Amino acid sequence: MVHLEHFSGHPLDYITEFHISAKIHIDICPHCYSRQRLHLHGVYHRHVIWYEDVFSIPVQRHYCIHCGKTVSILPSFCHPGFQLALPFLLELLWAFFNRIPLTDALAHQHRRFIFKRFLLCMNRLIEYFRICHDPLLVFPDFWHKKAIKLLEMVYSVGKPHIFAKRFYDHFKKGFMAH
Ligand SMILES: [Zn+2]
């Protein structure tokens, strides 16, 4: 399981601060609800594609002695299951639905996957905004306009990782998860 946490907004700052800042404590196991604090159980690395750069970032992993399951603490500029960093991911979506040509090196196929996935996730996003913002929110019928309105709402929350963490904490999955 993944837990999103706000750290520095850029992978390089996150990497620099990783070894000097205090580690996160998890006092209740999200799997079995044991109240015994989880043990810090090593660090693994994952890739983050940050526009033109790729970073390998360290990730804390915590272990529950009662159920044997683990929790990874991901910085909120990551989307669980995606290597694309959150701001970059959103920028690609925004450019696609607004028909802004992209010059980055991301493979065409990779982009298509992202756009299709977003379309599949729109209903959950609508549910989120109706629950957390306004139950009477109306969205356009046409998928393309609906996508743009949803992205505008994501950006209106402030920095994208604020929205992404709130969404994750609410649904226990990322806004682009299956
Ligand atoms: Zn547990």
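User: Where is the place of Leu125?
Analyst: This is a predicted model, in which local features need pLDDT of at least 70 and side-chain atom pairs count only at pLDDT 80 or more, while totals for chains, interfaces and linings use all residues. Residues are numbered from 1 along each chain as its sequence is written, and side-chain values use heavy atoms, with hydrogens and water left out. With helices (H or I, at least four residues) and strands (E, at least two) taken as DSSP runs numbered from the N terminus, the place of Leu125 is in helix α3.

User: Does Leu125 count as buried or exposed?
Analyst: Buried means under 20% relative accessible area, exposed means over 50%, and partly exposed lies in between, using a 1.4 Å probe and protein chains only. Because its relative accessibility is 0%, Leu125 counts as buried.

User: Leaving aside neighbours within four places in sequence, which residues is Leu125 in contact with?
Analyst: Contact means heavy atoms within 4.5 Å. With neighbours up to four places away in sequence set aside, the partners of Leu125 are Phe118, Leu150, Phe163, Phe167 and Phe175.

User: What is the geometry of the zinc ion site?
Analyst: Donors are N, O and S atoms within 2.8 Å of the metal (3.2 Å for Na, K and Ca), and a site may look incomplete because water is not among the atoms. The protein donors here are the SG atoms of Cys29, Cys32, Cys64 and Cys67, lying 2.3 Å from the zinc ion. Four donors count as tetrahedral if all angles lie between 85 and 135 degrees. The angles among the four donor atoms are 107 to 113°, and the site of the zinc ion is tetrahedral.

User: How far apart in sequence are the parts that Cys29 and Cys64 tie together?
Analyst: The donor residues of the zinc ion follow the spacing C-x2-C-x31-C-x2-C. Cys29 lies in the loop between α1 (11-18) and β2 (39-50), whereas Cys64 lies in the loop between β3 (53-63) and β4 (70-75), so this pair ties together parts whose separation in sequence is 35 residues.

User: What arc do the buried residues of α1 cover around the axis?
Analyst: The buried residues of α1 are Pro11, Tyr14 and Phe18. They lie on the same side of α1, because the arc that they cover around the axis, taken from the directions from the helix axis to the C-beta atoms, is only 60°.

User: How far from His45 is Phe55, C-alpha to C-alpha?
Analyst: Phe55 is in strand β3, and with a relative accessible area of 13% this residue is buried. Beyond four places in sequence, its contacts include His10, Pro11, Ile15 and Trp50. Phe55 and His45 are 10 residues apart in sequence, and their C-alpha separation in space is 9.6 Å.

User: How far apart are the C-alpha centres of the two domains?
Analyst: The domain bounds come from an automatic or database domain assignment, which divides the chain into domain 1 (2-75) and domain 2 (86-171). Their contact takes nine residues from domain 1 and nine residues from domain 2. The separation of the C-alpha centres is 25 Å.

Note on methods. Tetrahedral: all angles 85-135°; square planar, octahedral: opposite > 155°, others 65-115°.
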